[in-house]
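Subject: Structure handover and notes

Hi,

Here is the structure I promised you. Please open it alongside this email and follow the notes below.

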Amino acid sequence: MKQICDGIYAVGALNPAMRVFDIVMTTDYGTSYNSYLVKGQQKTALIDVCHKSFFEPYLQNIREVCDPKSIDYIVLNHNEPDHTGALAELLPELGDVTIYTSQAGSIYIKAITNRQDLNLHVVKDGETLDLGGKTLKFISAPFLHWPDSIFTYLPEDKVVFTCDFLGAHYAEPYTFDYNMAYPEKYGKALHSYYDAIFGPFRKYVQAGLQKLDALSFDMVLPSHGPVLTTGTMLETAIARYRGWSAPVQREEKLAVVFYTSAYGNTKRLAVEVMDGIRESGKQVEVRLCDIIEHPMAELRQLLNECDAFAIGTPTINRDAVPPVWELLAGMDAVNSAKRPCAVFGSFGWSGEGTGNVAARLQSLKCALVDEPLRATFVPTREDLQRARELGARLAEQL
C-alpha cells in the first residue's frame, strides 16, 4: 500500500517475475496490477481490481487502508481479467457494493465473475459520482483498448485513472515515476506496450489524447507501471503516444513485396511482382523485403503501415514456411480489411503454401487481387510474365 495523495491509495500488486503477458507480449521488466482506493468524506470507491493470482496480498493492501466492507463502489475502467480477475473472490469480503462500468463492461464482468446478480451501474459519458469532497467523472474511451474502456477523472485532486492507457509493463518497487531507477528501461517498456496494446487503435489513441487535453490534471494513475507525474514522465509519455499515433504522411502510396526463397525461385517471382508495380504508371513507392534478412519487428511495422502488399513463399511439407507465418502473426487484424494484397511462390512437390497464406489473408478480410500465383520449381518465362502482371494488378488497386 502507498498513499498517492490525501484520500487516494495505491493497493495493487507487483509481478516482477512475469516475462510473457497475454501469450504474445514479452515483458522483460515484469508488470504491476495497479488498483486504487479513493476515500471521500462520505463514500469510498475502489478503482479497478487486480489479477486473481495476487488476491491475498491485494486484500491485505486494502485492509491497510480500510475495512473492505466500508467500500461503497467499485469502478471498472476496463474489464480484462488482469484488472478484474480477483473480483469474484473479493466480493464476499465486501458489503453492499455497486459496480460502476460501461455498457460493454457490464456484459463482460458477468462472464468474468460467472455471476448474473451483480449490482451494476452502467455509466454514461460525463456522468459523475460524489464521494464527499471527491468527485469521480466518467469519460468514455472506447477501444483503449477494449470496447468497454473508460477514464475516471478526479478534478479535486487533478488525477486521471486511465487503466491501460499510458501504462507500461514495468515493475519497480516504487510507485511514482520520479523514484524510478531505470528510466531508459521504462521507456522501452512504454514503447513495446504501446505497440502491442494500442498499435491497432491509433485513431482511438488520438481521440483519447484529445479527451485528456480537455482536462486539468497533474497525475495519471494507470493500471500498469508507475504513477506518472507532471515534470517527470507524464508529459513525455503523452508526447510519445501523440507521436506514435500520428498518421504516417507519405507523398506516394507504399506497396511492399515480402518474400523468402530457398533456392532463389520465389525471389525471381518477387522481383517481377515489384517491377510490375513500378511499371504500372501509378505513383507508388515499392519496397522488396527478404523476410529473413530484416528484423521481424521492422517488417511487421512495414506490413501494418503499407497501402498494399504481396507475400511470396515456397512450400515446404505442404505449407508456407515459418518466417512467413511469423510475419503474418504480427499483422494488425483490426485494420487490415480491404487492403489490396497478392500471394505468389515457387514449389516442388505440391504447392499448398500459397493457398494457405491466401486463406489467412481472406480470413482477415484483405482484398486479394487474384488467385495465388504458383510456379513449379524454376519459373518459366511465362511464370515471370504472370508475376509482373500480378504486380500491375496490385498497383491498380491503389
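First, a definition. A salt bridge here is a side-chain nitrogen of Lys or Arg within 4 Å of a carboxyl oxygen of Asp or Glu. By that cut-off, a search of the whole structure turns up 15 salt bridges. Please keep in mind that this is a predicted model.

**Salt bridges**

Side chains of opposite charge can pair when their charged atoms come close. Here are some of the pairs.

Asp117 bridges to Arg115, with the closest N and O atoms 2.9 Å apart. Asp117 counts as exposed, because its relative accessibility is 54%. Arg115 has 30%, so it counts as partly exposed.

Arg242 pairs with Asp213, and here the closest N and O atoms are 3.2 Å apart. This pair links distant parts of the chain. Arg242 sits in helix H7 (residues 234–245) and Asp213 in helix H6 (residues 202–213), 29 residues apart. Arg242 is partly exposed, with a relative accessible area of 37%.

Arg393 and Asp370 also meet through their side chains, at 2.8 Å from N to O. Arg393 belongs to helix H12 (residues 381–396), while Asp370 is in the loop between strand S24 (367–368) and strand S25 (373–376), so the bridge ties together parts that are 23 residues apart in sequence. Both partners are partly exposed: Arg393 has a relative accessible area of 32%, and Asp370 has 33% relative accessibility.

There is also a network of salt bridges. It links Arg202, Arg250, Glu305 and Asp307.

**A buried Asp with no salt bridge**

Now look at Asp148. It lies in the loop between strand S13 (135–140) and strand S14 (150–154). Asp148 is buried, yet it has no salt bridge. How far away is the nearest side chain of opposite charge? That side chain is Lys211, and it is 13 Å away.

What does lie by the Asp148 side chain is backbone. The backbone nitrogen of Asn79 is 2.7 Å from one of the polar atoms of that side chain. Leaving out residues up to four places away in sequence, Asp148 touches Asn77, His78, Asn79, Ser102, Ala104, Gly105 and Tyr108.

**Helix H4**

Two of those contacts, Ala104 and Gly105, are among the buried residues of helix H4 (residues 103–113). What covers the buried residues of H4 includes helix H2 (81–84), helix H3 (87–90), strand S10 (98–101) and strand S11 (120–122). After H4 comes Asn114, with a positive phi near 55 degrees.

**The sheet**

Strand S14 takes us to an open sheet of 6 strands. The order is S12-S13-S14-S15-S16-S17, and the pairing is mixed. Strand S12 (128–130) and strand S17 (228–229) are at the edges. Each has a single partner strand, so one side of each is left without a neighbour in the sheet.

Strands of a sheet pair through backbone hydrogen bonds, either parallel or antiparallel. Both senses turn up around strand S15 (residues 159–163): its pairing with S14 is antiparallel, over 3 bridges, and its pairing with strand S16 (residues 219–222) is parallel, over 4 bridges.

On the S16 side, Phe161 stands opposite Leu221. The hairpin of S14 and S15 has 4 residues between the strands. In that hairpin, Lys158 takes a positive phi near 55 degrees.

Is S15 buried or exposed? It is mostly covered, with 5 of its 5 residues buried. In a regular strand the side chains alternate between the two faces of the sheet. For S15, Val159, Phe161 and Cys163 are on one side, and Val160 and Thr162 are on the other. Both faces are covered.

**Val220**

One last residue. Val220 lies in strand S16. It counts as buried because its relative accessible area is 0%. Leaving out residues up to four places away in sequence, Val220 touches Val160, Thr162, Leu166, Val227, Leu228 and Leu234. Val220 and Lys158 are 62 residues apart along the chain, and their C-alpha atoms are separated by 8.8 Å.

Best wishes

How values were computed
Residues are numbered from 1 along each chain as its sequence is written. This is a predicted model: local features need pLDDT of at least 70, side-chain atom pairs count only at pLDDT 80 or more; totals for chains, interfaces and linings use all residues. Side-chain values use heavy atoms; hydrogens and water are left out. Helices (H or I, at least four residues) and strands (E, at least two) are DSSP runs, numbered from the N terminus. Buried means under 20% relative accessible area, exposed over 50%, partly exposed in between (1.4 Å probe, protein chains only). Lys and Arg count as positive and Asp and Glu as negative; His and the chain ends are not counted. A polar contact is a pair of N or O atoms within 3.5 Å; within protein, one must be able to donate a hydrogen and the other to accept it, and residues adjacent in sequence count only if both atoms are side-chain atoms. Contact means heavy atoms within 4.5 Å. Two strands pair if DSSP finds at least two bridges between them.
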